[in-house]
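Visitor: Could you walk me through reading this one? I'd like to start with a helix and then move on to the cores.

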Amino acid sequence: MKDLTRYRNIGIFAHVDAGKTTTTERILKLTGKIHKIGEVHDGAATTDFMEQEQERGITIQSAATSCTWADHRLNIIDTPGHVDFTIEVYRSLKVLDGGVGVFCGSGGVEPQSETNWRYANESEVARLIFVNKLDRLGADFYRVVEQVEKVLGANPLVMTLPIGEEDDFSGVVDLMNMEAWVWDDSNNPEAYNVTEIPADLQEKAAEYREKMVETALEQDDDLMEAYLEGTEPSVEDLKRCIRKGTIALDFFPTFCGSAFKNKGIQIVLNAVVDYLPNPTEVDPQPEVDMEGNETGAVATVDPAAPLRALAFKIMDDRYGALTFTRIYSGTLNKGDTVLNTYTGKTERIGRIVEMHADSREELDMAQAGDIVALLGMKNTQTGHTLCDQNNPATLEPMVFPDPVISVAIAPRDKAGAEKMGIALSKMIQEDPSFYVETDEESGETIMKGMGELHLDIKVDILKRTHGIEVDVGKPQVAYRETITQLVEDTYTHKKQTGGSGQFAKIDYMIEPGEVGSGYEFESKVTGGNVPREFWPAVEKAFGVSMEEGTLAGFPLLDVKVTLTDGGFHAVDSSAIAYELAAKAAYRQSIPKAKPQLLEPVMKVDVFTPDDHVGDVIGDLNRRRGMIKSQEPGLTGVRVKADVALAEMFGYIGDLRTMTSGRGQFSMEFSHYAPCPTNVADQVIQEVRERKAAS
């Protein structure tokens, strides 16, 4: 049996360009997993193995790897930082026990850091903080610590202090042992000396150590009492308290360094072992029934318990589909037959492999606490539970956001058309935030995703990985419709064609629902005028009709339908008749309820140098943006605004032009809001013209 207390399942997450992948490379080098460090800017990083990642210098999909440090096994997932790929961070955090949040020493807490931090809070993942890039111009460790408190509302527990800053950054002060780690300029991570703390930092180190000790000892009343009476706690006692507080999410041990210059990584690795939980120290996964309600049972981390595993990622590579799986309880052997509770079908485990980015190592078995990839899975998708077929259970499924942008694509030749369907179905399996549908009227293939870059990468994958050349249409916004007035109406469906006919009469009320309520149905029929067995047919028919609004064919949101009365015929009434009546009633009444077009509004976060703030704000106003706040920083200003997605296409190019290439931005979906009349009229006109043309 493997010793689970020596396991650490961790993820590395941060804003784009804060240095996650570089940090992962340094960890792999230090743990002996790789012998030559690959740099992101050279396109040679181990975990960025997709061509698109190497070219753009960004991480697109999370990559799994494992290594050993101080006799502990670390399963590491390097996640993307770009907002279009947050789904990768979300699903990785769902299966991890701990994480390392990387923050840029000069950029601080950037927009995507906030989103990732929020996901980690929701998943209750214990974290360390690593303030990276302290060798950069404008880097300020103490400012970043302050931002973590203010912006994230978190409690950073400072464990190391930087020695020198920017170009003079040479090492860190370890507050636990009150010693200095100083590296030379050779860029060799092993070339350091442990010496006394420099004289100019001794006072500051003493002050921060006192804070650290007091915060840690809040976890143990007896030690706190002894400390107040003058007894200094031992290093072992301090580590035990910090571990307890970290796992309880009371605070987040905070370290500093420069991954690129190979300074400070060893101390972070020691902290992963010392403070982050092993699989047995994390709250067990709750089990749910098929409706998603908790059953009260949990998947205990125990190799002898019944099998419970969650598939959290599908990746297609040259050997076939890999299903990345976290095993929560039980043991999985090569050749086992397991039950997929989502499909109700059994699957045979062909091979079990341990991943190192895109290379692999064969295993005969895996057990509770392991993160492995399975080959040979036919029907398993992201979020599905694999379990012991004699002892079935479902783990909490993952919930993915709806896409906000779509483009039409068409293959350039007939051969491409046949290959495209197969390629797209593989891509959908890999990425649950990517949707593909066929427009029934025009016959076009529509790709839907989380942003322009997301869809741009998908087109690139079609071209390079699958060899399919496609023509791409203009990006389309995922509009929605709603109603603004209450309508009371009646509809009678009658059909007589010899033999038994069809009859259904419904009196109903359609009204705007609460924002975010979706579709609600209620029946207030009394006295059996519409028999109870026909209510579900009415409810279903209205629900299906809501998928296509009457203004421009976009789905209808936030509507409540109340069935108030009606009539029936003892022979001619049937569920079908009531379904047809409800569908016709929908078409009859929705136009009377003053329908309105809704557009997706994005939460936009723009960083701009001080001298371009006016230009950026003026431009956002022209894009129908609502400025929410301006936060001055050391190197520029962060402007937060709500802006309609329709106005944000091509924004990155305009922003770079305005700010001489120094501006950055990120955006994520916020809410749906009513479209201004002139915009709505134009959208409706375009939709009608498109339909007429097809």
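Guide: Helices are DSSP runs of H or I with at least four residues, strands are E runs of at least two, and both are numbered from the N terminus. This is a predicted model: local features need pLDDT of at least 70, side-chain atom pairs count only at pLDDT 80 or more, while totals for chains, interfaces and linings use all residues. Residues are numbered from 1 along each chain, and side-chain values use heavy atoms, without hydrogens and water.

Visitor: Which residues of helix α14 are buried?

Guide: In α14 (613–622), Val-613, Val-616, Ile-617, Asp-619 and Leu-620 are buried. They cover an arc of only 160° around the axis, so they sit on the same side of α14; the arc is taken from the directions from the helix axis to the C-beta atoms. Their cover includes β35 (595–608) and α15 (651–658).

Visitor: And how do I read a nonpolar core?

Guide: In soluble globular proteins, nonpolar side chains tend to be buried together. A core here is a set of buried Ala, Val, Leu, Ile, Met, Phe, Trp, Tyr and Cys residues joined through side-chain atoms within 4.5 Å. The largest has 67 residues, and Ile-242 and Phe-255 touch the most other members. Helix α9 (265–275) gives the most to this core, 8 residues. A second, separate core of 45 residues includes Met-427 and Ala-552.

Key:
Buried < 20%, exposed > 50% of the residue type's maximum accessible area, 1.4 Å probe, protein only. Contact = heavy atoms within 4.5 Å.
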